[in-house]
Amino acid sequence: MATDKPKLAVHKFSSCDGCQLALLNLGEPLLALPGLVDIVHFAEAGPNSPNQAVDISLVEGSVSTPEDIQRIQQVRQNSKLLVSIGACATSGGLQALGNFANRHEWMTSVYSDPEKIEVLNSSDPISKHVKVDLQIQGCPVNSTQVIGALRDLLSGVAPRPEVHSVCMECKRKGLICTMVTQGEPCMGPVTLAGCGALCPAAGRGCYGCYGPAEQLNDRSISDRFEQLGLDAQAVLRRFRFIANSAAGFKAASEGLRGDTDG
Amino acid sequence: MAEHRDIHINVPVLTRVEGEGALELDIVGGEIERLNLRIFEPPRLFEKFVEGYERNQVIDMVARICGICPVAYQMSAVQAFERLSGFTPDPWVQRMRRVMYCGEWLQSHALHVHLLAAPDFLGFESAIAMAADYPDAVRRGLQLQTLGNDLIAMFGGRSVHPVGIRLGGFYRAPDGSAVEMMLQRLQAALPEAEALIGWTAGLSFPDDDQSFISVALSDPDEYAIGQGRLISGQGLDIDICYFDSHFKEIQSPHSTALHCELEERAYLTGPLARLNLNFHQLPPEVRRLMEGCGISFPSHNMFHSIVARAIELYFAIFEAIRLLQDYQTPAQPYREVEAVEGNAFGCTEAPRGILWHRYDVDDAGIVRYARIVPPTSQNQGRIEEDIALSLQKFGLDQTDEKLRLRAEQVIRNYDPCISCATHFLKLNVNRG
């Protein structure tokens with residue numbers, strides 16, 4: 001269908017495919033999407049024109065091979081706006097744990113023939129290689145975030161990114177604090193809102209899958225976790241988790257590492 | 001006899017599969033000379049990440065291997081840790097985990113049948129294109145998919161990387177009122193799911209029976225989902241901890257995934273394999289729906305796997321209703337599971353087939369080593385074998401475009417999940 005509708009592409013890099021599901025899991029509203037945009041590339045759904053010029057590209061996944069670098073540069077050239085979605089695209093993802101380790105050693109222990117597989121030394125966020133117009137954190141991002149951003153961008157309105165922590169979502173929902181009342185080590189105070197405070201709602205501490213909030217006091221929360229009985233390694237594991245290489249969490253874990261080493 | 005062409009078909013990106021894969025096919029002098037299903041999803045080395053993490057953290061980490069079947073990963077992991085500790089979950093927990101797993105089968109099968117596979121059978125580029133001519137069918141598929149997602153979210157807060165499963169049970173039990181509303185929606189969906197079986201059975205299938213081995217879990221008491229022994233149609237019947245004695249993983253030169261073989265042969269895992277081995281354990285109400293539709297199980301025609309998914313989709317709803325009736329909120333949704341040092345084994349039936357995990361855990365409950373064998377790597381050998389046989393039967397003198405479409409359709413019959421299939425440890429790792 002040749003139309004003058006804005007063109008949308010969905011690109012996948014190294015990921016679990018879970019962020020694309022923010023679209024594929026829309027249910028019946030998915031059928032309304034082609035009314036808003038012309039979907040020219042979305043391999044998992046069918047349309048397959050990766051090199052066409054588009055108005056908006058949604059990019060899932062991290063950059064982890066030499067070929068990925070060329071591909072993301074191509075995507076950038078073809079896109080008026082590039083939106084990176086999810087922990088992999090915005091911070092390298094869980095697989096960026098490999099950035100803290102000896103990646104070569106890991107490859108050797110996983111594959112009998114590692115030299116046949118070309119990979120970079122790190123798992124990178126999209127923004128390390130090209131300019132990104134909007135980042136949406138979350139592992140996974142949800143439909144509300146993605147559709148909200150698309151709506152804003154298509155209407156020519158600047159999206160207003162979330163800045164608060166999960167604590168604010170608990171307050172909005174009237175949830176009782178799991179850390180104060182149950183002594184659960186909860187990452188909510190340092191984690192970006194947007195998930196709907198799912199873990200505190202389920203009676204467990206937040207585990208930080210939406211990545212760092214804008215202003216985080218990692219020092220203070222680490223001390224609190226230790227008072228709750230976590231040892232230094234266990235505190236480190238809380239930061240070095242899903243969004244381990246997002247700036248705020250990475251700095252926090254390196255600070256802790258310095259403490260424990262010294 | 002037509003003159004033989006030399007054909008090179010290269011499908012750089014397979015569409016409507018999860019993750020990134022490619023197919024290379026060379027036909028020289030009327031014979032298939034080279035056939036590679038290339039999986040080039042960059043390796044994420046998941047098994048290395050989980051080293052040094054707590055058991056409950058690992059349950060949340062392995063979900064990230066696959067956005068389409070995170071529940072399966074969480075269930076295989078939690079089963080492994082609980083078995084190691086000699087822990088038997090409470091009957092309420094066992095029932096509710098099965099319901100949650102039914103939610104994943106429901107959403108994954110609905111997604112695959114309608115959005116990924118049906119466009120092949122009906123000749124469309126995508127489900128969105130198909131929706132113009134088949135609006136009711138596509139709408140039904142999306143409604144069923146949403147129902148499955150909501151069933152997962154009832155236990156896990158969200159359907160992608162849900163946050164509900166923990167050692168010993170669930171973090172929180174769903175409220176009775178939520179269960180009541182869910183039951184009504186499940187009841188209302190049953191006729192839709194029944195219609196779906198008829199709709200898939202009425203599709204036009206190539207006549208393409210092949211000889212292959214089916215492998216699935218088997219549970220004496222029910223149609224196996226979350227636990228069981230590993231069986232094959234050829235007499236294999238083992239506890240999951242002996243997987244390594246019978247199944248071997250090998251790295252293929254053209255892929256970042258490892259192939260897995262049973263006694264040096266390719267085999268099938270997934271919905272069709274499950275129906276081939278366990279059809280008799282489906283409730284009579286479910287089996288009855290297959291009467292008179294012209295397809296019966298066991299079947300060795302892989303194109304019937306879309307019907308197998310439709311049957312399992314119906315069964316998932318039927319089973320969820322059965323288990324949620326008379327729902328009562330438990331006093332405690334979990335019990336603590338003591339940390340025990342040793343080798344933990346877990347295996348469950350992911351929507352796409354058996355998902356086997358091994359974890360070596362220390363006495364503080366920290367994972368020190370992991371190995372994960374997902375369904376797609378197990379099916380990879382069978383997919384390649386099938387493409388070769390199917391294309392020969394289809395006729396290698398068909399046009400390149402027709403050969404390409406047929407090969408892609410064969411691949412999608414397996415619903416490969418390529419994101420899952422790229423993080424494996426090499427064969428023969430010796431551990432003390």
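Is A:D68 buried or exposed? At 2% relative accessibility, A:D68 counts as buried. The model examined here is predicted. In this model, A:D68 takes part in a salt bridge with A:R71. The closest N and O atoms of the pair are 3.6 Å apart. A:R71 counts as partly exposed, at 22% relative accessibility.

Side chains of opposite charge can pair when their charged atoms come close. Over all chains, a search of the whole structure finds 38 salt bridges.

B:R98 sits in helix 4 (residues 91–122) of chain B. B:E222 sits in the loop between strand 6 (215–218) and strand 7 (229–232) of chain B. The partners are 124 residues apart in sequence, so the pair ties together separate parts of chain B. B:R98 counts as buried, at 8% relative accessibility. B:E222 is partly exposed, with a relative accessible area of 23%.

B:R371 and B:D244 also form a salt bridge. Their closest N and O atoms are 2.9 Å apart. This pair links distant parts of the chain, 127 residues apart. B:R371 lies in strand 13 (residues 367–373) of chain B. B:D244 lies in helix 8 (residues 243–246) of chain B. The relative accessible area of B:R371 is 7%, and the residue is buried. For B:D244 the value is 28%, and the residue is partly exposed. Elsewhere, salt bridges with shared partners form one network. This network joins B:D120, B:E401, B:R404, B:E408 and B:R412.

Helix packing was also examined. Helix 6 (residues 135–156) of chain B packs with helix 11 (residues 305–324) of chain B. The angle is about 40 degrees. The axes of helix 6 and helix 11 of chain B are 12 Å apart. Helix 6 of chain B passes helix 11 of chain B in a left-handed crossing. From helix 6 of chain B, the contact is made by B:L144, B:L151 and B:M154. From helix 11 of chain B, it is made by B:L313, B:I317, B:A320 and B:L324. The contact residues of these helices comprise seven nonpolar, no polar and no charged.

Conventions:
Residues numbered from 1 in each chain as written. Chains lettered and ligands numbered in written order. Predicted model: local features only at pLDDT ≥ 70, side-chain atom pairs only at ≥ 80, totals over all residues. Heavy atoms only, no water. Salt bridge = Lys/Arg side-chain N within 4 Å of Asp/Glu carboxyl O. Buried < 20%, exposed > 50% of the residue type's maximum accessible area, 1.4 Å probe, protein only. Helix = DSSP H or I, 4+ residues; strand = E, 2+ residues; numbered from the N terminus. Axes fitted to C-alpha atoms, helices over the stretch in contact; angles between N-to-C directions. Left-handed = near helix turned anticlockwise from the far one by under 90°. Contact = heavy atoms within 4.5 Å. Nonpolar A, V, L, I, M, F, W, Y, C, P; charged D, E, K, R; others polar.
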